[in-house]
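Biologist: I have a model open and want to go through it with you. Can you take my questions as they come?

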Amino acid sequence: MTTCQRIVTTGTAGGMVYIDEGSNASLEQIGASMNALVGAAAAGQFAVNEHGGNALLAAIRKLLDWLEKQQNLRLVLGQEPMLGGSNASTVMKPYVHQVATDHQGFLTQLTALQETLVKAEAAIKVAMSNYRHVDEDTARQLAPEE
């Protein structure tokens, strides 16, 4: 099973999404966690300031750009390799292809990562908007009445 350390879990505490640093998660759990993060941002339960949000967005964009640049390599890896006609290569060809393309395969994982990053990008943008709204509301409440 593919695992990832330090993920945002789907759990909530007091209406807020929390980070569970000690758990391992499958790809499906990471996707569910990202959906929870998007939902929390949409519900106003997740906010991030502009500085922090821009840093997160820059990191996400850098990784998305890298994934985009790897598209040709991903196409090559998605094909059955040309290993020759020996008995060993005939046995290995479908296995090598499967390792790259099955539900836990490398290419499948890259595609899921890309989808998760797009969701994260959207959630961060909403969370930045949430922060601005809370900041503006707080400033209005603290401003002296004229």
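**Fold and confidence**

Modeller: The protein has 5 helices and 2 strands. This is a predicted model.

Biologist: What pattern do they follow along the sequence?

Modeller: The pattern reads β-β-α-α-α-α-α.

Biologist: What does the pLDDT average?

Modeller: The average is 78, and 81% of the residues score at least 70.

Biologist: Where is confidence lowest, and where is it highest?

Modeller: Strand β1, residues 7–13, is lowest with a mean of 38, while α2 is highest at 93. Over residues 1–23 the pLDDT stays under 50. For that stretch the model has 46 contacts beyond four places in sequence.

Biologist: OK, the core. Which residues of the largest nonpolar core touch the most other members?

Modeller: They are Leu37, Phe46, Val48, Ile60, Leu117, Ile124 and Met128, out of 19 residues in that core. At least two core residues come from each of α1 (27–42), α2 (50–69) and α5 (106–142).

Biologist: Which helix gives the most?

Modeller: That is α5, with 8 residues. As background, nonpolar side chains in soluble globular proteins tend to be buried together.

Biologist: Take Leu117. What does leucine 117 touch, leaving out residues up to four places away?

Modeller: Leucine 117 touches Ile60, Leu63, Leu64 and Leu67.

Biologist: And alanine 40, is it buried or exposed?

Modeller: Alanine 40 lies in helix α1. It counts as buried because its relative accessible area is 3%, and the cut-off for buried is under 20%.

Biologist: How far is its C-alpha from that of alanine 123?

Modeller: The two C-alpha atoms are separated by 8.4 Å, with the residues 83 apart along the chain. On contacts in general, among those between residues at least 6 apart in sequence, 57% join residues at least 24 apart.

Biologist: Where is leucine 83?

Modeller: Leucine 83 is in the loop between α3 (71–77) and α4 (87–101). Its relative accessible area is 40%, so leucine 83 is partly exposed; that class runs between the 20% and 50% cut-offs.

Biologist: How much of the protein is buried, and what is the accessible surface?

Modeller: Buried residues are 27% of the 146 residues. The accessible surface comes to about 9,900 Å², and 58% of that belongs to carbon and sulfur atoms.

Methods
Residues numbered from 1 in each chain as written. Predicted model: local features only at pLDDT ≥ 70, side-chain atom pairs only at ≥ 80, totals over all residues. Heavy atoms only, no water. Helix = DSSP H or I, 4+ residues; strand = E, 2+ residues; numbered from the N terminus. Buried < 20%, exposed > 50% of the residue type's maximum accessible area, 1.4 Å probe, protein only. Core = buried A, V, L, I, M, F, W, Y, C linked by side-chain atoms within 4.5 Å. Contact = heavy atoms within 4.5 Å. pLDDT = per-residue confidence, 0-100. Areas by Shrake-Rupley, 256 points an atom, 1.4 Å probe, with all protein chains shown as cover.
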